[in-house]
Amino acid sequence: MAESYDRVRPGPAPEALDWLVPQDCGLAVDVAAGTGLFTRALTGRATQVVAIEPDERMRAVLAQRSPGVRVLAGWGEQMPLPDGCADAVFVSTAWHWLDPGRAVPEIARVLRPGGRLGVVWTSRDRREDWVAELDLLRLPGIDAPARAGTPRTRDDVRARLGKEHSVTLPDGAEFGAAAAASFRFTRTLAVDDVVEWLATNSSFITASAADRAAGLDRCRAALLRQTGGAEVIEMPMRSWCWRVERAGSRVTEKLG
C-alpha cells in the first residue's frame with residue numbers, strides 16, 4: 001500500500017508551496033510525512049529538510065525516494081529534534097492524526113521564534129459536482145444504511161470537507177494570528193490511477209474485499225461516464241493551506 005500511496009496520491013500545488021514556505025527557510029520539518037510527497041516538494045525551498053514519520057513501511061519508501069532528506073521515526077507529539085531548531089514545521093494532509101493538545105506545544109518547542117507552522121490538505125476539488133459524487137459512491141453502497149455522519153448529499157460532502165480542512169489551536173498556544181488560502185490546479189490521470197488513488201482511502205482499506213470491489217467499481221463507472229469512455233481524466237484539485245508564526249522567545253539549538 002505504501003508504494004501505491006506514493007505513486008498515485010497528489011503533491012501540493014506549486015503556488016501553495018510559494019505561500020506556505022517562508023523565504024530563506026533554513027530547516028523545514030515535515031511531520032507525519034508518509035512516503036514523502038510533500039517532503040520532496042520542500043527540497044530546493046529549504047536548506048535542510050527533515051521528515052518525521054511513525055510508520056515503518058511509509059518511512060522505508062520515504063527514505064528510498066527522498067535523497068538528501070533526513071528521515072526520522074517519530075510523531076507530531078514527540079519529535080526527536082532539539083529546541084528551537086526549525087524555521088518551519090509542516091503537516092500535509094495529516095492534521096487529523098495529531099492530538100493538538102500535545103502536538104501544538106511540541107511544534108512550538110521545535111520552532112524558533114518567528115518560525116512557521118504550516119498545514120496543507122491537497123485533494124480533489126469537491127466544488128465540482130461530479131467530484132463530490134465520488135465520495136457518495138464510497139462504502140457503504142448508495143442504498144445501504146449509512147453510519148452516523150456518513151455524507152448522503154454533495155452538500156454533506158462539502159460541509160465535512162470544510163470541517164476537516166480547519167485548524168483550532170489549544171488555549172495558550174505560543175502562536176500569533178493565522179492566515180488561510182487555497183490554490184486550484186489540475187491533474188491529468190489515467191482512470192485506473194484515480195481508482196487506485198481512491199483505494200488508498202481508509203474506508204476502502206478497512207472494508208471487506210467484496211465491499212471494496214463494489215465501491216471501486218461504482219467509482220470507475222462514474223469516472224468513465226465523466227470522460228465519455230476515455231481512459232484519461234482531468235481531475236480538478238485544490239490545496240487548502242493554513243499558516244501561523246510562533247511567538248515568544250527561546251534559546252535555539254542547531255540540529256546536528
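In the predicted model, arginine 126 is buried, its relative accessible area being 6%. Its salt-bridge partner is aspartate 135, with an N to O distance of 3.3 Å between the two side chains. Aspartate 135 is likewise buried, at a relative accessible area of 9%.

In total, 21 salt bridges are present in the structure. Side chains of opposite charge can pair when their charged atoms come close. Glutamate 174 and arginine 246 form another such contact between side chains, at 3.2 Å from N to O. This pair connects distant parts of the chain, 72 residues apart: glutamate 174 sits in the loop between α7 (154–164) and β6 (179–190), and arginine 246 in the segment after β7 (232–245). The two ends fall into separate accessibility classes: glutamate 174 is partly exposed at 34% relative accessibility, whereas arginine 246 is buried at 4%.

A further salt bridge joins glutamate 196 to arginine 7, with 2.3 Å between the closest N and O atoms. Glutamate 196 has a relative accessible area of 25% and is partly exposed. Arginine 7 is also partly exposed, at 47% relative accessibility.

Nonpolar side chains tend to be buried together in soluble globular proteins. In this model, the largest nonpolar core comprises 42 residues, and Leu42, Phe90, Leu223 and Met235 have the most contacts inside it. Helix α8 (residues 191–198) supplies the largest share of this core, namely five residues. Apart from this core lies another, of 30 residues, which includes Val29, Cys85, Val104 and Trp121.

The surroundings of phenylalanine 90 were examined individually. With residues up to four places away in sequence left out of the count, phenylalanine 90 touches Leu20, Val21, Pro22, Ala28, Val29, Asp30, Val31, Phe38, Leu42 and Gly118. Among these contacts, Leu42 is, like Phe90, one of the residues with the most contacts inside the largest core, while Val29 is a member of the core of 30 residues.

Notes: Residues are numbered from 1 along each chain as its sequence is written. This is a predicted model: local features need pLDDT of at least 70, side-chain atom pairs count only at pLDDT 80 or more; totals for chains, interfaces and linings use all residues. Side-chain values use heavy atoms; hydrogens and water are left out. A nonpolar core is a set of buried Ala, Val, Leu, Ile, Met, Phe, Trp, Tyr and Cys residues joined through side-chain atoms within 4.5 Å. Buried means under 20% relative accessible area, exposed over 50%, partly exposed in between (1.4 Å probe, protein chains only). Helices (H or I, at least four residues) and strands (E, at least two) are DSSP runs, numbered from the N terminus. Contact means heavy atoms within 4.5 Å. A salt bridge is a side-chain nitrogen of Lys or Arg within 4 Å of a carboxyl oxygen of Asp or Glu.
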